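Biologist: I'd like to learn how to read a protein model. Could you walk me through one?

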Amino acid sequence: MVGTGTTTRREAIMAYDPCDCHAQRFRGKSVYAYPAEISLGQRTGGRVRLCPSGAASFCDWASKHLDEISDGVATTTHEQPVCGLCGELGPTEPVSRLYLTLYPDHKTRHDYSGWACARCATQARSAMLLTFSLAT
Ligand SMILES: [Zn+2]
Ligand SMILES: [Zn+2]
């Protein structure tokens with residue numbers, strides 16, 4: 001006795017695998033993001049798979065807290081590193097360098113980079129799903 005009779009056509013058009021942002025199956029195209037962090041000389045990062053709404057909030061977060069890079073040049077420049085979350089960064093504080101690459105429509109590439117201070121690094125990691133990409 002196998003319970004396959006409950007599968008509906010509605011489920012069949014949904015993505016087979018859950019998104020990494022909500023851990024739920026979703027409708028529509030997935031977006032891949034490549035978050036990375038360099039902290040104390042250690043680089044961590046990976047690939048995450050986003051549903052359309054997760055990708056939208058990811059882009060939103062990135063444009064608020066990170067600098068967009070176009071042709072290898074940051075669109076906004078800071079004379080000194082500034083935490084993208086709280087706006088502060090002491091000169092001797094350990095700092096996380098954040099990088100993010102997004103392919104919102106599978107063709108155009110969007111690159112972001114920024115910094116996070118020690119207090120905000122955890123929040124930045126969870127917003128960028130770095131904790132997730134490490135686990136896989
Ligand atoms: Zn999602
Ligand atoms: Zn901060």
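**Reading the model**

Modeller: Let's start at a loop: Leu 40 is found between β1 and β2 (42-45). Helices (H or I, at least four residues) and strands (E, at least two) are DSSP runs, numbered from the N terminus. This is a predicted model, where local features need pLDDT of at least 70, side-chain atom pairs count only at pLDDT 80 or more, and totals for chains, interfaces and linings use all residues. Residues are numbered from 1 along each chain as its sequence is written, while chains are lettered from A and ligands numbered from 1 in the order in which they are written.

Biologist: What is the phi of Leu 40?

Modeller: Here's the general idea: most residues other than glycine have a negative phi. Leu 40 has a positive one, about 50°, although it is not a glycine. Leu 129 has a positive phi too, near 60°, and lies in the loop between α3 and α4 (130-135).

Biologist: Is Leu 40 buried or exposed, and is Leu 129 buried or exposed?

Modeller: Count C-beta atoms, placed from the backbone: a residue is buried if 20 or more others lie within 10 Å of its own, exposed if 12 or fewer, and partly exposed in between. Leu 40 counts as exposed because it has 7 C-beta neighbours inside 10 Å. Leu 129 has 23 other C-beta atoms within 10 Å, so it is buried. Of the chain's 136 residues, 29% count as buried.

Biologist: Which residues touch the most other members of the largest nonpolar core?

Modeller: In soluble globular proteins, nonpolar side chains tend to be buried together. A nonpolar core is a set of buried Ala, Val, Leu, Ile, Met, Phe, Trp, Tyr and Cys residues joined through C-beta atoms within 7 Å. The largest one here has 28 residues, and Leu 50, Leu 100, Ala 116 and Ala 124 touch the most other members. Elements supplying at least two residues each include β1 (31-39), α2 (52-65), β6 (95-103) and β7 (110-117).

Biologist: How does β1 run relative to β6?

Modeller: Two strands pair if DSSP finds at least two bridges between them. β1 and β6 run antiparallel, joined by eight bridges, and Ala 36 stands opposite Tyr 99 in β6. β6 also pairs with β7 in the antiparallel sense, over eight bridges; there, Thr 101 has Asp 111 in β7 as its bridge partner. The hairpin of β6 and β7 has six residues between the strands, and in it His 106 takes a positive phi near 70°.
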